[in-house]
Amino acid sequence: MLSTRPFEESAERGDLRDLVESLLARELPPDRALAVDRDGLFASGAWSALGDAGLLGLGGDEQAGGTGGTAGDAVAVTEEIARVLPGLAVDYVTCGMAMRMLGDDGGTAAAWLPDIASGKMICSFGMSEPDVGTDLLNLRTSARVEDGRWVLRGQKLWISLAHKAEIAFVLCRTDPPEEGRRSRGLSVIAVPLDRPGVTVRRVHLAGMRAAGTCEIYFDDATAPLENLVGERGRGMSLLGRTLDVERVLAAGISLGIGRAALDLHLTHLREREAFGGAIGRFQALQHAAADSIADLSASRALVGTAVRSIEDGRPSTALTAMAKLVAAESTARIVDRGMRAMAAQGLAEESAMQMYFRDARLQLFSPVSNDMIRNILGESLGLPRSY
C-alpha cells in the first residue's frame, strides 16, 4: 500500500527519521505543538533535545565540533521537524546554514560552531531589510571600523529567532562596491545582540508563528573586529556556498508540511462518515488525495535528485532551485485539498490542518520567492537575465 513516507531510503536514513520522530513525540506531542504555534513560542525543550542528540550539528565539520552528516540527512531531519512544527524547522534551517558557513570560515568565528551545534548558543541570520528582499546587493546596513571595533547602522527584517539568539550573522556593506561587481564590499559580521545600540522586535505573522520572526535595529551597535566571518568584502561569496543547501532544506520543510497534511487528510477520509459510510469512498475525494500523493512523490524525487547533486559535488543551483519551487507549489496544493476535504473541521484551532495551511503559504516566498526562483531557472536555460 502507498505510504507518504519515502518509498526508497537506506536503513540508516530511516533510523535517523525514527530518532527525530520519537524525540519530537516526547518533546512536542500534538496538543503542545499546536499551543506553541498558537502562542508564537520558541520550542526550547525540543531545541535542546535536538542539540543533545547531535542533530543541530548536522552539516558541521566533525573536527570543528559539528556532527558531520550529508545534505540528505539534514533534509530528512528538516522534514521530520516540519511534520510536527514547521516554525521550528525554519529555525533548524538557520542553524544548518551556520554549520556550513562557520565550517567554511576557518577563522575565529568557527569557535562558535560547537556551542551552536550543541544548542548552548542560538544564532540568527540578518540579511533581508525593509526595502531589500531578494535584491541583497542593494542593502543599506553598513559597518565601519571605529576605535578598533565594528560599528553598525541599519535595519534587518524577517529575521528568524533573533529574539532568542545571542548573535546574529549580519550581511552589511563594509566597503564600496567594485565597478561592475556590486557583490564586492559586502561582509558578514557576527553581532552580539545584547549590546547597546541593538533593538530586537518581534513581528507576528499569520504563519510560521513558532519561528520567531523579528526585525533588528542597529544604531551604532558594536562588534569586535575578530567577529568578521570569512574574508572582508566577500560576504556574498561566503553565503553563496550555503544557498544550495538552504534551498533543499526549504524544500524539506515543504515536504514535511505536505506529508503531515496528507496524512491528516487521509485519516479524515477514512474516519468521517456521511450518507451511510466513510467519505473516502467518494470518487471525487479519492481523486484529490490521489493528486496529493502524486504531488508529494514527484516533489520528493526532485529533492532527492538535487541532494545527490550536492553530495556528488556537482553544480547544483538549477536543481536545488527546481526542488524548492516544485516542493513549495505542490505542498500549497496538497494543504488546500486537505483543507477543502476537512472543511470547517480543518479550520478549527484544534486541528493541525489550519497550521499547515498557514505555514505552507510562507514557503512560496521564503527563503526566496518562487518568482525569483523562476528567474534563476530562466537564466539557467540560457535566456537573458531578467533582474
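Predicted model: local features only at pLDDT ≥ 70, side-chain atom pairs only at ≥ 80, totals over all residues.

User: Great. How much space lies in the largest pocket?

Analyst: About 1,600 Å³. A pocket here is an open set of points on a 1 Å grid over the protein atoms alone, with protein on both sides within 12 Å along at least five of seven lines, and lining residues have an atom within 4 Å of a point. The volume is the space filled by probe spheres set on the points, which are joined across faces, edges and corners.

User: And which residues are closest to its centre?

Analyst: Gly 133, Thr 134, Leu 136, Pro 367 and Val 368, out of 45 lining residues. Helix 7 (235-271) is among the elements that supply at least two residues of that lining, and helix 7 gives the largest share, nine residues. Helices (H or I, at least four residues) and strands (E, at least two) are DSSP runs, numbered from the N terminus.

User: What's the lining like by class?

Analyst: It has 24 nonpolar, 13 polar and eight charged residues. Ala, Val, Leu, Ile, Met, Phe, Trp, Tyr, Cys and Pro count as nonpolar, Asp, Glu, Lys and Arg as charged, and the others, Gly among them, as polar.

User: OK, what about the second largest pocket, and which helix gives the most to its lining?

Analyst: The second largest pocket has a volume of about 510 Å³. Helix 8 gives the most to its lining, with 11 residues, and spans 283-311. Of the 25 lining residues, Pro 6, Glu 8, Glu 9, Arg 300 and Gly 304 lie nearest the centre. By class, that lining divides into 10 nonpolar, six polar and nine charged.

User: How many cavities of 30 Å³ or more are there?

Analyst: One. A cavity is a set of grid points where a 1.4 Å probe fits but cannot get out. The largest cavity holds about 30 Å³, and its lining includes Leu 55, Tyr 92, Arg 100 and Leu 249. Helix 5 gives the most to that lining, four residues.

User: Switching to strands: what joins strand 3 to strand 7?

Analyst: 11 bridges, and the two strands run antiparallel. Two strands pair if DSSP finds at least two bridges between them. Gln 155 stands opposite Tyr 217 in strand 7. Strand 6 is also joined to strand 7, by five bridges and again antiparallel, with Arg 201 opposite Glu 215.

User: Now the backbone. Where is the cis peptide bond?

Analyst: Between Ser 366 and Pro 367, with omega about 0 degrees. Pro 367 sits in the loop between helix 11 and helix 12, and Pro 367 is also one of the residues closest to the centre of the largest pocket.

User: Is Asp 147 buried or exposed?

Analyst: Asp 147 counts as exposed because its relative accessibility is 69%; buried means under 20% relative accessible area, exposed over 50%, and partly exposed in between, with a 1.4 Å probe and protein chains only. Phe 275 has a positive phi near 55 degrees too, and counts as exposed at 76%.

Note on methods. Residues numbered from 1 in each chain as written. Heavy atoms only, no water.
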